[in-house]
Protein chains: 2
Amino acid sequence: MRTFLVKIKYDGSGFCGWQVQEERRTVQAVFQQTLWDVLKEQVPVRGCSRTDSGVHANEFCISFRTSCAVPCEKLPLALNAKLPPDIAAFDCYPVADDFHARYDCLGKQYRYLILNAPLRDPFWHTRALWYKYPLDEAFLNAQAQDYLGTHDFSAFCSAGSDVTDKVRTVSQCGVRRLTDDPRLVEFTVTADGFLYNMVRIMVGTLLQMSAGKLPSGSIPDIIASRNRERAGATAAACGLYLNKVLY
Amino acid sequence: MRTFLVKIKYDGSGFCGWQVQEERRTVQAVFQQTLWDVLKEQVPVRGCSRTDSGVHANEFCISFRTSCAVPCEKLPLALNAKLPPDIAAFDCYPVADDFHARYDCLGKQYRYLILNAPLRDPFWHTRALWYKYPLDEAFLNAQAQDYLGTHDFSAFCSAGSDVTDKVRTVSQCGVRRLTDDPRLVEFTVTADGFLYNMVRIMVGTLLQMSAGKLPSGSIPDIIASRNRERAGATAAACGLYLNKVLY
């Protein structure tokens, strides 16, 4: 038996998130069926996180144990030949026997894309939040620095989560306008873990500050309140990308 | 009665091209129904060109005459509110009474995108040709200069065209690797007109030169032959974008 880590990308617009659900097309359901076909073995498959319906991944990590003798460097090509066009494997390597893609994860980076343009764009419909009012990326970047550090992020967690410890450490956070397409504003955040909808609420809060509906400098107060109602609305799933997974 | 020119963008992956066809979802069918709803008038709609199934447009121009009093600067927003997410209008202005989007067109620019990477990418599946072998963009750019000038492009026209005069003037042609995403190689070509599948055959020919299946420097001979069989295969529709329309 060997344990492998596989990295995939997926366009989440055609999936109801990662986790297997009855009667729904999910990334896990599609990926594990393909993996089982390739390995000729129905092994349990562990994903690095749950993702919501419509959320994308530039890098999503999966671990599994197998007795199949396939060389690991051949696995991405073998998987890609059978995976549908909206999922692709791009890396695979052997890991420690007891490695678990979710429990051994030390941190993740998410990216959130905003199409900041007066008119919508058909090429970004499912891949960015369309926001038509002007955004000042320098202002937003300065505000976003208040997310840094170790805090109880209860105010940035949607109802429906059964997690009790809501303390997380944000190690990187920033907002910039892309040079290649200046209509796109990118929010990135790296932390040791994320609560349910945390990134999308962080973005929604910044957008409300931009619109003057929340005062500038209010993030520390919102965090301290631990009150979900103090933070902004949950920004749409389509702008969110799991970008990096740290082990 | 006034004559208007409207500019739209569309993601062609969900359309069977521009032109109305029975029982098929086409850009013209969707756009004109929406326009008629907005104008409350069923006016003829002229597109600047036919595009094939799966081909995209960053800029596609449409003209029509209307007695509707709607201010032209309000038309893009009014249309966008009713158009599906894969089409968006972004400009509208008044033109001469007898203006026709197709017959008054002086030239067009097309863009063809190639995802040049060893592994496929779910985000580019319907938006670029995936080509996994290395491409030398400087070599291809040098070869592509042989397309410039006024030539009979019969060798670059698919069967099924009823056009008799196959002389076209190519005024710009180039290949470059994008700086923001160096996996993407872009072919652009500007001409006073294009034959059926002309851009896709130009790209297919360059790819065969890259693969050593056609000798470098062979484009002038292929053009002179006027023989479709001498040129390369027709590259996939998904990489092609109508980029600019010149009046």
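Which strand of chain A does Arg111(A) lie in? Arg111(A) lies in strand 5 (residues 107-115) of chain A, and this view of a predicted model starts there.

Before we move on, residues are numbered from 1 along each chain as its sequence is written, while chains are lettered from A and ligands numbered from 1 in the order in which they are written. In this predicted model local features need pLDDT of at least 70, side-chain atom pairs count only at pLDDT 80 or more, and totals for chains, interfaces and linings use all residues; side-chain values use heavy atoms, with hydrogens and water left out.

**View 1. Arg111(A) and the residues that it touches.** The side chain of Arg111(A) makes a polar contact with the side chain of Glu186(A) at 2.6 Å (a pair of N or O atoms within 3.5 Å, where within protein one must be able to donate a hydrogen and the other to accept it, and residues adjacent in sequence count only if both atoms are side-chain atoms). Leaving aside residues up to four places away in sequence, Arg111(A) touches residues including Asn58(A), Leu178(A), Phe187(A) and Tyr241(A) (contact means heavy atoms within 4.5 Å). Strands are DSSP runs of E with at least two residues, and helices are runs of H or I with at least four, numbered from the N terminus.

**View 2. Helix 1 and helix 2 of chain A.** Here helix 1 (residues 27-39) of chain A packs against helix 2 (residues 75-82) of chain A at an angle of about 120°, with their axes 10 Å apart (axes are lines fitted to C-alpha atoms over the stretch in contact, and angles run from 0 to 180 degrees between N-to-C directions). Look for Phe31(A) and Leu35(A) among the helix 1 residues of the contact, and for Leu75(A) and Leu79(A) among those of helix 2.

**View 3. Helix 3 and helix 4 of chain A.** The axes of helix 3 (residues 137-144) of chain A and helix 4 (residues 198-210) of chain A come within 10 Å and cross at roughly 125°. That makes the two helices of chain A oblique to each other (angles under 35 degrees count as roughly parallel, over 145 as roughly antiparallel, 65 to 115 as roughly perpendicular and the rest as oblique). Phe139(A), Leu140(A), Gln143(A) and Ala144(A) of helix 3 meet Leu206(A), Met209(A) and Ser210(A) of helix 4.

**View 4. Chain A and chain B about the rotation axis.** A rotation of 180° with 0.0 Å of shift along its axis brings chain B onto chain A, with an RMSD of 0.0 Å (superposed by least squares on the C-alpha atoms of residues with pLDDT of at least 70 in both). The two copies are thus related as by a two-fold rotation axis. Asp180(B) is the residue of chain B that comes closest to the rotation axis, at 3.0 Å (C-alpha). The copies meet through the same surface, because 100% of the interface residues of chain B are also interface residues in chain A.
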